[in-house]
Amino acid sequence: MNEETAINVRNLVVGFGDTTVLDHVSVAVKRGEIFGFVGGSGSGKSVLLRTIIGLIPARSGTVEVLGTDLSRADEEARRATERRWGILFQQGALFSSLSVLQNVQFPMREYLNLSKRLMREMAEAKLDMVGLKPEDWHKLPSELSGGMTKRVALARALALDPELVFLDEPTSGLDPISAGEFDELIRTLQRTLELTVFMITHDLESLHTVCDRIGVLADGKVVVSGPISVMLASEHPWVKAYFRGKRADVLARRLAQPAT
Amino acid sequence: MSAKPSLRATAGDPAPQFAAAGAWTAVHASDLEALIDGVAAEPVAGTASIDMGKVEAFDTYGAWLLERLIRERKARGGETAIVALPEHYRDLVMSMHDAIREQPVPAARANAIIDAVEKVGRATVGAGHDLLAIANMLGAIGAATARVLASPRTFRLTSAVHHLDRVGLQAVPIILLITFLIGGIIAQQGFFHFRKFGAETYVVDMLGILILREIGVLIVSIMVAGRSGSSYTAELGSMKMREEIDALRTMGLDPIAVLVLPRVLALILALTMLTFLGAMSALFGGGLVAWLYGGMSPDIFVARLKEAISITHFKVGMIKAPFMALVIGVVACAQGFAVKGSAESLGLQTTASVVKAIFLVIVLDGLFAVFFASIDM
């Protein structure tokens, strides 16, 4: 058991039919860091995420999460590990027939033996932490805006106090202000709750401001991984185009002189 | 696993002191809550202190319960100090310190009678709205038909043929089977009971008139409402959920003309044909039972049938079929368009579509009975 590594993926191969999406991918995420994962649309980022959390079977390779080898673990060990992570799906994936509060309480109800009062208070505390106002606690998911949906989904992902959180494009579909606030929220929560965060994102600003390390997926492989400085120095054509393209330039200049 | 949480009193005088230990985490939350409530219930005297130095694990659950203890003591006039809190837990305690300061305004609980009255009122208004929605859909279909008649090239023929295949051709086997069985059952019951009066020959009269006028079209309509009406509602509803209908509208296309008209037209044609097939299959089933169970040879059965029924009975059944189809189609499409964002709403509307369509089919059948009786058909 390795205490330092939260996720350790080695030589993972995943494919559908004749196509191979991930070709011997290896990624290691340390405990307590925010690891950003980028790649072009259709490069297999979501496939990697879904393979790690066990929604897609791997052809070969090992996935080790929080010290448990999920490719070899039995049902019970899997369940135990699943309780220790939380997932924020891209579209929120809130249960549409449950209210916001009930959505957050759902994992607590299933996994913990809590009194009604404590369950209500904890769900309220979590919603408070992600910045959702009390008047929205009893709404249904269909009545929420995109940003609020993401916040509720994050609160649900954090319901059981996980050690590891997977975020699938947490800021996509949000306006830049909300996206910035959401990044800030992830940062704060990560620090407060000492989380490990594995985040798939397209948002250059998130990569610059919140991620400790970044992995780049291209052609079915992780081509570069390291902090943002490594990304900026990389000569891989896709990485270069992504981090030093026109849009990235504007952002880099703005971040370099924040006081203007 | 980690040790159970504990909270022991180490000194009581002059100020209470407590020592916390073990894992203050989600897994032990219910034990911890009992401990906390026990301490909170003790009489408040001066500033209590809680030594957190021996706590092995700590998460939001532990932090919240600690905060709850502090708040409950404070509400009764006691202060609480936390001592020796490990540095890396400080943020957690602070974040819980700020949590749920604002309580949501609890929804006022109305009394049961008012609730019941409100429900009845809402249901009545809802029924009115449904009727309006159906009338609206009927009008929209009428308008779209008029537009298509003015410029026939805008009619979606491919779509209509596709739906005709789905609701018509593909429904043939199940409709034939069901009506065959129903015809057989009616014949068997007829022979069984009419035999007591020696009126076996009249079974054929009953069978012919009942099937051609009522049973054929009713059974087929109910089957189609369950089979095709529900699928129309679900299709249109999920298109509504994914904004496909809004997309059509913004491209300058009329969703009624594009989606509803071909479906309803296909349903009208299909139901009329299925009614014919169903009636024939039911008569066949009845004839077979008459032969095997009632001992009436096919020749006699056909001869009796010729005498018993006229073309009028057949017409009555067939005239009703397209109207039944229109009702099913209109209700299904109106319910489909009424779907809102959630998956639950889709399920509700699909159920409502089938229930309302079957109800209206039967009501319409009653109205037709009155109408045909008054014109002597």
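Predicted model: local features only at pLDDT ≥ 70, side-chain atom pairs only at ≥ 80, totals over all residues.
A residue counts as buried if 20 or more other C-beta atoms lie within 10 Å of its own, and as exposed if 12 or fewer do.

Glu243(B) is not a glycine, yet its phi is positive, at about 65°. Its place is the loop between α7 (202-241) and α8 (244-250) of chain B. Is Glu243(B) buried or exposed? It has 11 other C-beta atoms within 10 Å, so Glu243(B) is exposed. Now turn to Asp161(A). Here too phi is positive in a residue other than glycine, near 55°. Asp161(A) sits in the loop between α5 (146-157) and β7 (164-168) of chain A. With 24 other C-beta atoms within 10 Å, Asp161(A) is buried, because the cut-off for burial is 20 or more.

Next, look at the strands of chain A. One open sheet has four strands, in the order β2-β1-β4-β5. Their pairing is antiparallel. At the edges are β2 (19-30) and β5 (68-69) of chain A, each of which pairs on one side only. Inside the sheet, β1 (residues 5-16) and β4 (residues 60-65) of chain A are joined by five bridges and run antiparallel. Asn8(A) stands opposite Glu64(A) of β4(A). A helix belongs to this picture as well. Helix α1 (residues 45-52) of chain A lies across β1, β2 and β4 of chain A. Its direction makes an angle of about 115° with β1(A).

Follow the partners of β3(A). Four bridges tie β3(A) to strand β8 (residues 196-200) of chain A, and the two run parallel. Five bridges pair β3(A) with β9(A), also in the parallel sense. Gly36(A) takes part in both pairings: its bridge partner is Met199(A) in β8(A) and Ile214(A) in β9(A).

Strand β9 (residues 213-218) and strand β10 (residues 221-226) of chain A pair in the antiparallel sense over five bridges. Gly215(A) stands opposite Ser225(A) of β10(A). Two residues lie between the strands of this hairpin, and Asp219(A) takes a positive phi near 50°.

The largest nonpolar core has 103 residues. Ala155(A), Val165(A), Val197(A), Phe198(A) and Met199(A) touch the most other members. Which element supplies the largest share of this core? Helix α2 (residues 60-75) of chain B does, with seven residues. Val197(A) shows what the packing looks like at one point. Beyond its neighbours within four places in sequence, Val197(A) is in contact with Ile34(A), Phe35(A), Val165(A), Leu167(A), Ile186(A) and Gln190(A). Apart from this core lies another, of 63 residues, including Ile175(B), Val220(B), Ala225(B) and Ala290(B).

Chain B itself has 12 helices and four strands. Of its 377 residues, 38% count as buried. Among contacts in chain B with a separation of 6 or more, 84% join residues 24 or more positions apart. One helix pair deserves a look. The axes of α4 (residues 112-150) and α11 (residues 311-337) of chain B come within 9 Å and cross at roughly 110°. The two helices are therefore roughly perpendicular. On α4(B), the contact is made by Ala133(B), Ile134(B), Met137(B), Leu138(B) and Ile141(B). On α11(B), Val330(B), Val331(B), Cys333(B) and Ala334(B) meet them. By class, these residues are nine nonpolar, no polar and no charged.

Finally, see where the chains meet. In chain A, 25 residues are in contact with 23 residues of chain B. On the side of chain A, α4 (116-129) and α6 (176-193) each supply at least two residues. α4(A) gives the most, with seven. By class, this side of chain A has 11 nonpolar, seven polar and seven charged residues.

Definitions and conventions
Residues numbered from 1 in each chain as written. Chains lettered and ligands numbered in written order. Contact = placed C-beta atoms within 7 Å. Nonpolar A, V, L, I, M, F, W, Y, C, P; charged D, E, K, R; others polar. Pairing = 2+ DSSP bridges. Axes fitted to C-alpha atoms, helices over the stretch in contact; angles between N-to-C directions. Parallel < 35°, antiparallel > 145°, perpendicular 65-115°, else oblique. Core = buried A, V, L, I, M, F, W, Y, C linked by C-beta atoms within 7 Å.
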